[in-house]
Amino acid sequence: MIKAGFFECDITPPYRADSPGNFGKRKIKHFSDYLKVRAVAFYDGEKKYALIGSDTLGCGPLFLKRLQAMLPDVNFIHSASHT
């Protein structure tokens, strides 16, 4: 039997936080949509798998190392959508 679990978390930054891009310093003034992290995890009785998607520009190697450290026995794929 395969077990599955789902997760969603709001990662929207606060108003007036720095907004990357456009070669200049600017602050967030409004949101079109909230930013989320969504995941689905599977366990087949032997191995654990997770598919993780986040509404971010990307994640560097340090983030992925920390994610591996937090999920040592999970085979995962992380995808960052460009927002």
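Two strands are taken as paired if DSSP finds at least two bridges between them. The model discussed here is predicted.

Q: How many bridges join strand S1 to strand S2?
A: Strand S1 covers residues 3-10 and strand S2 covers residues 36-43.

Q: Which residue in S3 is the bridge partner of Tyr 43?
A: Strand S3 (residues 48-54) runs antiparallel to S2, with seven bridges joining them. S2 and S3 form a hairpin with four residues between them. In S3, the bridge partner of Tyr 43 is Lys 48.

Q: What is the phi of Gly 45?
A: Gly 45 lies in the turn of the hairpin that S2 and S3 form. Its phi is positive, at about 95°.

Q: Is Lys 36 buried or exposed?
A: Lys 36 is placed in strand S2. Beyond its neighbours within four places in sequence, Lys 36 is in contact with residues including Glu 8, Cys 9, Gly 53 and Asp 55. Its relative accessible area is 19%. Because buried means under 20%, Lys 36 counts as buried.

Q: Which residue's side chain makes a polar contact with the side chain of Asp 55?
A: Asp 55 lies in the loop between S3 and helix H1 (61-70), and is buried, with a relative accessible area of 17%. The side chain of Asp 55 reaches the backbone nitrogen of Lys 36 at 2.9 Å. The side-chain partner of Asp 55, at 3.1 Å, is Ser 81.

Conventions:
Residues are numbered from 1 along each chain as its sequence is written. This is a predicted model: local features need pLDDT of at least 70, side-chain atom pairs count only at pLDDT 80 or more; totals for chains, interfaces and linings use all residues. Side-chain values use heavy atoms; hydrogens and water are left out. Helices (H or I, at least four residues) and strands (E, at least two) are DSSP runs, numbered from the N terminus. Buried means under 20% relative accessible area, exposed over 50%, partly exposed in between (1.4 Å probe, protein chains only). A polar contact is a pair of N or O atoms within 3.5 Å; within protein, one must be able to donate a hydrogen and the other to accept it, and residues adjacent in sequence count only if both atoms are side-chain atoms. Contact means heavy atoms within 4.5 Å.
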